[in-house]
Amino acid sequence: MPSSNPRARHFPPPMSSTSLSPEGEEVAEEEQVVTPWEVSAKQGGKIDYGKLIDQFGCQRLDQSLIDRVQRLTNRHPHVFLRRGVFFAHRDFTDILDAYERGDKFYLYTGRGPSSEALHLGHLVPFMFTKYLQDAFKVPLVIQLTDDEKCMWKNLSVEESQRLARENAKDLIACGFDISRTFIFCDFDYVGGAFYKNMVRVAKCVTYNKVVGIFGFTGEDHIGKVSFPPVQAVPSFPSSFPHLFSGRENLRCLIPCAIDQDPYFRMTRDVAPRIGYSKPSLIESTFFPALQGETGKMSASDPNSAIYVTDTAKVIKNKINKYAFSGGQDTTEKQRKFGANLEVDIPIKYLEFFLDDDAELEQIRREYGAGHLLTGEVKRRVIEVLTELVERHRRARAAVTDEMVDAFMAVRPLPNMFS
């Protein structure tokens with residue numbers, strides 16, 4: 001899925017306000033920017049997700065929906081639901097209504113393969129998607145947009161394809177059920193029914209509209225302008241006749257980070273015009289960089305993130321050296337004033353990956369009150385992340401090329417809904 005294009009001006013435009021300069025003139029203040037290519041908070045602050053909900057026009061994922069998921073699946077809600085990591089949605093209620101009536105749905109998510117190593121933020125949507133697949137017992141399609149990365153990152157076709165297969169190994173290591181999962185690379189799969197749907201979408205979106213949504217300029221090559229339908233049509237079941245033949249009315253649920261919302265606003269606008277249901281979305285916050293919650297992690301700065309290839313030693317060094325702390329700068333002050341949990345990255349990482357709610361609450365309470373020091377909290381984060389990365393490393397080492405071929409084989413899924 002898309003990455004940075006620094007020239008583009010994207011829709012929705014960044015929210016802004018005005019203030020007075022020392023000379024008394026009005027000066028525009030740039031606020032947060034959240035697009036498929038760029039994520040940045042206002043003046044080094046935090047992303048305001050409430051404003052994003054208002055700006056994008058999606059709905060907040062409230063406790064009643066989380067309780068309903070638990071009731072329908074008879075499973076304890078995933079930690080990402082319990083703690084608001086997935087916080088917004090579009091028509092998720094419709095998916096649950098259909099499921100309660102006995103109608104199934106399918107999941108669609110994706111990955112833009114631009115590097116060999118994934119960081120923990122990349123894993124978040126796939127960890128949650130696995131939970132959804134297991135809880136609802138539904139099929140999943142995973143799109144690897146090797147074509148898009150070839151165009152945006154200036155990679156060769158061959159290198160993009162190689163990275164797609166390497167990334168597929170990391171995704172398979174998340175534990176997806178092969179009897180319900182189809183992984184595909186655009187370079188290999190696009191054609192036939194999939195391409196027909198791309199053309200149907202393309203005919204419904206004017207050049208002016210795609211420029212307004214994605215901010216393409218006269219300097220962007222035409223491949224970029226033509227890409228959005230490629231990411232749109234996996235949300236239509238007829239794009240996968242080998243999976244969903246005779247099930248053209250099947251609904252689709254897309255777990256993704258909220259920066260992907262523009263693609264699917266376009267898709268939802270077009271879908272009824274070409275005879276398909278609008279896809280539903282369930283959208284997440286961004287996994288924060290080690291240096292703080294000002295936006296997404298930067299692939300150009302290896303010290304902004306924990307990678308699944310990092311050793312235990314590297315993880316320990318990164319957390320101790322780079323993880324922004326809300327604790328005080330001396331032990332005496334920490335004991336007296338406690339930590340600012342709202343800006344503390346070790347606490348944020350525990351909120352993502354420490355499953356034990358009681359332990360997390362105890363750490364938050366004692367750290368905020370000054371009974372725990374920053375070093376003690378960081379030690380627990382190091383333990384949690386090291387265990388997670390080591391578990392993923394072992395699972396990935398067991399993924400063979402033959403397994404990748406099996407997940408990517410164009411075949412029916414015999415246990416798709418069982």
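The side chains of K209 and D269 meet in a salt bridge, with N and O 2.5 Å apart. A salt bridge here is a side-chain nitrogen of Lys or Arg within 4 Å of a carboxyl oxygen of Asp or Glu. K209 lies in helix α10 (residues 207-214) and D269 in helix α14, so the pair ties together parts that are 60 residues apart in sequence. Helices (H or I, at least four residues) and strands (E, at least two) are DSSP runs, numbered from the N terminus. K209 is partly exposed, at 31% relative accessible area. D269 is also partly exposed, at 33%. The terms have cut-offs: buried is under 20% relative accessible area, exposed is over 50%, and partly exposed lies in between (1.4 Å probe, protein chains only).

The model is predicted: local features need pLDDT of at least 70, side-chain atom pairs count only at pLDDT 80 or more, and totals for chains, interfaces and linings use all residues. Residues are numbered from 1 along each chain as its sequence is written, and side-chain values use heavy atoms, leaving out hydrogens and water.

Now turn to another salt bridge, between D261 and R90 (2.9 Å, N to O). D261 sits in helix α14 (residues 261-270) and R90 in strand β6 (residues 86-90), and 171 residues separate them. Are these two buried or exposed? D261 is buried, with 0% relative accessibility. R90 is buried too, at 7%.

Next comes E100 with R71. Their closest N and O atoms are 3.0 Å apart, and they form a salt bridge. This pair links distant parts of the chain: E100 is in helix α4 (residues 92-100), R71 is in helix α2 (residues 63-73), and they are 29 residues apart. E100 is partly exposed, with a relative accessible area of 40%. R71 is exposed, at 52%.

How many salt bridges are there by this rule? The count comes to 32. Some join into a network: R165, E166, K169, D170, R396, D401 and D405 are linked by salt bridges.

Step back to the domains. The domain assignment gives domain 1 (45-287) and domain 2 (312-398); such bounds come from an automatic or database assignment. The centres of the two domains, taken over C-alpha atoms, are 31 Å apart. Domain 1 gives 18 residues to the contact, and domain 2 gives 18 residues. Contact means heavy atoms within 4.5 Å.

How much area is buried between domain 1 and domain 2? The value is about 1,500 Å², and carbon and sulfur atoms give 60% of it. Buried area is the accessible area (1.4 Å probe) that two parts lose on being put together, summed over both. On the domain 1 side, R83, L120 and F287 supply 39% of the area buried against domain 2, more than any other three residues.

Charges meet here as well. Between domain 1 and domain 2 there are six salt bridges. Elsewhere in the list of salt bridges, D357 pairs with R82, with the closest N and O atoms 3.0 Å apart.

Which elements give two or more residues to the side of domain 1 that touches domain 2? They are α3 (79-82), α5 (120-136) and α7 (157-172). The largest share, four residues, comes from α5.
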